[in-house]
Amino acid sequence: MKDSQGTSGLILNEPLLWEKGKPGRHGFSFPRRDVEINELNENLIGEGPDFPDLSEVDVVRHYTRLSQWNFGADTGMYPLGSCTMKYNPKTNEKQANLPGFAKAHPFLSSGLSQGVLKLMFDLKGFLSEITGMDAVTLQPAAGAHGEFAGMLLIHAFHKSKGMKRTKIIIPDTAHGTNPASASLCGFRSIPLKSNEDGILSPEAVSEIMDAETAGIMVTNPNTLGLFEDNIREVTDIVHKRGGLVYCDGANMNAVMGIVDMGEIGIDVLHLNLHKTFSTPHGGGGPGSGPVCVGKHLEPFLPIPRVVQTNGKYSLSEDFPDSIGKIHAFYGNVGVMIKAYSYILSMGPENLKKASQLAVLNANYIKEKLKKIFHLPHDKPCMHECVFSDKFQKNNKITTHDMVKRLMDYGFHPPTIYFPLVVNGAMMIEPTETESKEDIDFFIEALAAIADEAQNNPDRVRNAPQKCKVRRLDETAAARRPCLSG
Ligand SMILES: *Cc1c(COP(=O)(O)O)cnc(C)c1O
């Protein structure tokens, strides 16, 4: 194959700032002091914190070098399954930085915040239209936070009907955060096996859906990258027995403008603005996990809510059945602005096209690689495909080895060992923003690694070779993190 795009060339070492500092250096000239030191101000100019003394160039080089050791969607293909690491257009950042938005403060009166309130109000409308749901809250700060809010909504709904339902059905193809969110809300998770095609069977749902079950939490498309073909039958069964259907919509990137979630029987759905709607994520930065609901759940949505009366926007807490507040102020507004910018700059047709291309790209990879890597479910996939290391295991090469080697070829590894239903899973989500050339290059890299696994296994076992650091002891890194270098 062509030369890899893996890290090579100048990768400079970089000490800690504390090792780099020299007493007396500074990057900023303070004006000469024009007050005498006296008892009152003496404490203010005491020892101060233990910060190193550094010049401006010391600091700029330090952080620039560290940034070059990083990898992001701006650096190269980042096929991390389930995470939708698409390229985020820079115009989104530009809009969020407009002074009227960047300097807005939540303590400003609504009279002085009409622009940002209108944006939030309109964004709710866009998300309703895209999902086919009736009402939206923008408050949750992440997907998992949206799930938690959704569980509170389901609980509030049953309570309002005088019912006590304590269990939630969770398929084995659901995202790991689903059972955690259900438990956090006090529900008991009831696991459900998917069928041999990797999707839910209505019979299996019917068997366990009883009068104590509050509902089901379905990830759709699921974590095998498959659409739940039987979703209508499943939602019918759950509804007939008095339950509600939660859909984890973090994988909406596969079905924007294509699937009407209300129509297929979803009662509550969360979205990840920081995945599908193109705002940067990873590294624990701000996110946004709006929750979309059907009419019957609208009274329970969190407060405050952005409302419109006579063309004026304001915040209202006048919703007596609300589950209350779940985030300071109104959530992460900066992320909402970026998502709004993305939706407007794409328009309805291009949002749909983005999903179609995301699905096409994943299917292309699946078809090209399915002879080389074991494909547990050989059928059309959605926005991601899941392989396993079954073939390479014969040469004692694991998924872990192969994705480390992928870093030498210049790609971020895919999601691995998830979903748990596939042994040695390699979950690849290319997204719509990769060009055919980059996808072909990625396919070539994985094919080359499969070849090495057979003919030169030590090269794979000892990967990565070209990265800044070699293999880390991941267990020790998690259990005994050394944060000081
Ligand atoms: C990412 C993801 C989540 C969790 O979203 P966070 O914003 O990380 O909390 C939930 N479900 C699915 C399917 C996801 O891909």
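Which helix and strands do the buried residues of helix 10 pack against? Some notes on that and on the ligand follow.

1. A word on the model: it is predicted, so local features need pLDDT of at least 70 and side-chain atom pairs count only at pLDDT 80 or more, while totals for chains, interfaces and linings use all residues. Residues are numbered from 1 along each chain as its sequence is written, and side-chain values use heavy atoms, with hydrogens and water left out.

2. On helix 10 (residues 231-240), Ile-231, Val-234, Thr-235, Ile-237 and Val-238 are buried (under 20% relative accessible area, 1.4 Å probe, protein chains only). They sit on the same side of the helix because they cover an arc of only 160 degrees around the axis, taken from the directions from the axis to the C-beta atoms. Helices here are DSSP runs of H or I with at least four residues, and strands are E runs of at least two, numbered from the N terminus.

3. To answer the opening question, these buried residues pack against helix 9 (202-208), strand 4 (213-219) and strand 5 (244-248), with contact meaning heavy atoms within 4.5 Å. After helix 10 comes Gly-242, with a positive phi near 85 degrees.

4. Now the ligand: 14 residues surround it, and Ser-82, Gly-143, Asp-248, His-274 and Lys-275 are the closest (a heavy atom within 4 Å). Helix 7 (residues 143-160) gives the largest share of this shell, three residues.

5. Among the polar contacts (N or O pairs within 3.5 Å), a polar side-chain atom of Asp-248 lies 2.5 Å from a ligand nitrogen. A backbone N or O atom of Gly-143 is 2.8 Å from a ligand oxygen.

Definitions and conventions: A polar contact is a pair of N or O atoms within 3.5 Å; within protein, one must be able to donate a hydrogen and the other to accept it, and residues adjacent in sequence count only if both atoms are side-chain atoms. Buried means under 20% relative accessible area, exposed over 50%, partly exposed in between (1.4 Å probe, protein chains only).
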